[in-house]
Amino acid sequence: NPRGLTFDHNGYLYICDTGNNRVQILSKEFLFKYQFRQKSFKNPCDVKLTRKYIYVLDESNPCLHLFSYNLILQKSVLSRGEGLQLRYPRSCCIDSFDNILVSDQQGSIFIFNPGFELIHRISISDPKSVTVDRQGRIIAVSGGGSKRLYIF
């Protein structure tokens, strides 16, 4: 069950393999190179990269995992127990300042700075996906009854 995907600066493709609780990495020729797992992965649903880190968003264990490029877990954050009310994360993205945006199906887009401090929360109905455009605008789509495109 492949879900979220992204490319790194070398052209390698990172794919969340939700059903197998892993992230696969393919070469520029789309050949298998590596995979990595984490015991706490329950349904990794999105993966994003910065110059320093690999971020893996987990849907069933509501958490954002931070890995170094040598695939060593650095930190796991954003779980229910940390008071952030992240319950059903769906997608994430990184803006030009390396802030992390996470859409949560319960009605929020959380924005965290690179130190994982919550800096803003946007309430929208059933956000399914979030991204940031080149002008820095937040673009989100919702599902459920509203089925809208939001631009902030």
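1. By the ring rule used here, the count comes to six aromatic pairs. The rule takes rings of Phe, Tyr and Trp (its six-membered ring) and pairs them if their centres lie within 6.5 Å; planes under 30 degrees apart are stacked, over 60 edge-to-face, and the rest tilted.

2. Basis. This is a predicted model, in which local features need pLDDT of at least 70 and side-chain atom pairs count only at pLDDT 80 or more, while totals for chains, interfaces and linings use all residues. Residues are numbered from 1 along each chain as its sequence is written, and side-chain values use heavy atoms, with hydrogens and water left out.

3. One of the ring pairs is F41 with F67. It is edge-to-face, with 6.1 Å centre to centre and 70 degrees between the planes. F41 lies in the loop between strand 4 (32-36) and strand 5 (44-49), and F67 in strand 7 (residues 63-68), so the pair ties together parts that are 26 residues apart in sequence. Strands here are DSSP runs of E, at least two residues long, numbered from the N terminus; helices are runs of H or I, at least four residues long.

4. Both partners are covered. F41 is buried at 4% relative accessible area, and F67 is buried at 1%. Buried means under 20% relative accessible area, exposed over 50%, and partly exposed in between (1.4 Å probe, protein chains only). Ring pairs also bring in F36, so that F36, F41 and F67 form a cluster.

5. A second pair is Y150 with F152. The ring centres are 6.0 Å apart and the planes are at 0 degrees, so this pair is stacked. Y150 is buried, at 18% relative accessible area. F152 counts as partly exposed, at 41%.

6. Cysteines. How many disulfides does a search of the whole structure find? The search finds zero; a disulfide would need a pair of cysteine sulfur atoms within 2.5 Å. For C16, the nearest cysteine sulfur is that of C45, 6.6 Å away. C16 counts as buried at 0% relative accessibility, and C45 as buried at 2%.

7. Four strands form an open sheet in the order 9-10-11-12, with antiparallel pairing. Two strands pair if DSSP finds at least two bridges between them. The edges are strand 9 (89-94) and strand 12 (118-123), each pairing on one side only. Neighbouring strands of this sheet are turned by 20 degrees against each other on average, direction ignored. The axes are lines fitted to C-alpha atoms, and angles run from 0 to 180 degrees between N-to-C directions.

8. Inside that sheet. Strand 9 and strand 10 pair over five bridges in the antiparallel sense, with P89 opposite D104 in strand 10. These two strands form a hairpin with five residues between them, and D98 in the turn has a positive phi of about 65 degrees. Five of the six residues of strand 9 are buried. Strand 10 (residues 100-104) also joins strand 11 (residues 108-112) through five bridges, again antiparallel. There, S103 has I109 as its bridge partner in strand 11.

9. Overall. The protein has zero helices and 15 strands. Its C-alpha atoms fill a box of roughly 40 × 35 × 30 Å along the principal axes. Of the 152 residues, 47% count as buried. Among contacts (heavy atoms within 4.5 Å) between residues at least 6 apart in sequence, 28% join residues at least 24 apart.
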